[in-house]
Amino acid sequence: AIDNTVLKLSNVESAYGPVKAIRGVSLKVRKGEIATVLGSNGAGKSTILKTISGVLDPTKGNVEYQDTDITSWDPANIVRKGISHVPEGREVFALLSVRDNLTMGAFTRKDRDGVARDMEKVFSYFPILKERAEQNAGLLSGGQQQMLAISRALMANPEVILLDEPSLGLSPKLTKEIFEIVVRINRERGTTILLVEQNANMALNAADYGYVLENGRIVMEDTCERLREKEDIKEFYLGMK
Ligand code: ATP
């Protein structure tokens, strides 16, 4: 696409049975950028990511990735195509070792050398995971599990990462560390990132472009630079006035 769009949602509606969680969501993510969707609890942020990754099929609208319509594709095929999802609450395999969790992240790949290289690469981003490589993932702290979840997504060698609320349950210090690595992954690998967050302050500082979601609808979008200046965003999402 002319404007570098890699991921495009057009008029997407998704529901859990009778509950409509998102209604007519349209958004674009450009190649190499960090885009963010902000919104309060229950606004529908996670639902957007689940709809892109194929965990949930939309009831209306479509999802395009690099000019291919991937709406309702099987999640494994969406990973093969280049999109990895880091779900909310990380969902690591608690009874598998850190190393085996990472190997699972590469399940779609056959290039063993590339997988080994990427394992070393994620250990360079998160050295603690190398130290704990043979321990069960369930023994990691919350922050370390978040690091593992991001690393597991990287093991698929994705072009796009869908990152669901990495700050959830983490201290401000750990949140800052995680965000620094996310930005580094974006800059170094050129990975496109779609980040959903309740922590608007962190997200607006890390991202390039932002959408604000309310009750399943996008009510505002702009560059993060401009969103940071908007008074109503500050009031509602940053708790400052
Ligand atoms: P949170 O940060 O709390 O996850 P969110 O913005 O990500 O918030 P979603 O998880 O996308 O919000 O949820 C959007 C709406 O869909 C909410 O009203 C929620 O109660 C509902 N919902 C989410 N998951 C389910 C489910 N599995 N079954 C039924 N309703 C659901």
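The lining of the largest cavity consists of 6 nonpolar residues, with no polar and no charged ones. Here Ala, Val, Leu, Ile, Met, Phe, Trp, Tyr, Cys and Pro count as nonpolar, Asp, Glu, Lys and Arg as charged, and the others, Gly among them, as polar. The model is predicted: local features need pLDDT of at least 70 and side-chain atom pairs pLDDT 80 or more, while totals for chains, interfaces and linings use all residues. Residues are numbered from 1 along each chain as its sequence is written, and side-chain values use heavy atoms, leaving out hydrogens and water.

The residues that line this cavity are Ile150, Ile161, Leu163, Val182, Ile185 and Ile193. Strand S7 and helix H7 each contribute at least two residues to the lining. The cavity holds about 30 Å³ of space. (On a 1 Å grid over the protein atoms alone, a cavity is a set of points where a 1.4 Å probe fits but cannot get out, and a pocket is an open set with protein on both sides within 12 Å along at least five of seven lines; lining residues have an atom within 4 Å of a point.)

The largest pocket has a volume of about 590 Å³. Its lining comprises 22 residues, and Val55, Val79, His85, Pro87 and Arg152 lie nearest its centre. By class, these lining residues are 12 nonpolar, 5 polar and 5 charged.

Among the buried ones are Ile150 and Arg152. The elements that cover the buried residues of H6 include S6 (83-86), H3 (98-105), S7 (160-164) and H7 (172-189).

The structure also holds 13 salt bridges, each a side-chain nitrogen of Lys or Arg within 4 Å of a carboxyl oxygen of Asp or Glu. One of them joins Glu180 and Lys176, with closest N and O atoms 3.2 Å apart; both residues lie in H7, 4 residues apart. Arg184 and Glu188 form another, at 2.8 Å, and they too are about one helical turn apart in H7. An α-helix has 3.6 residues a turn, so residues three or four places apart point the same way.

Terms used. Buried < 20%, exposed > 50% of the residue type's maximum accessible area, 1.4 Å probe, protein only. Contact = heavy atoms within 4.5 Å. Points joined across faces, edges and corners; volume = space filled by probe spheres on them.
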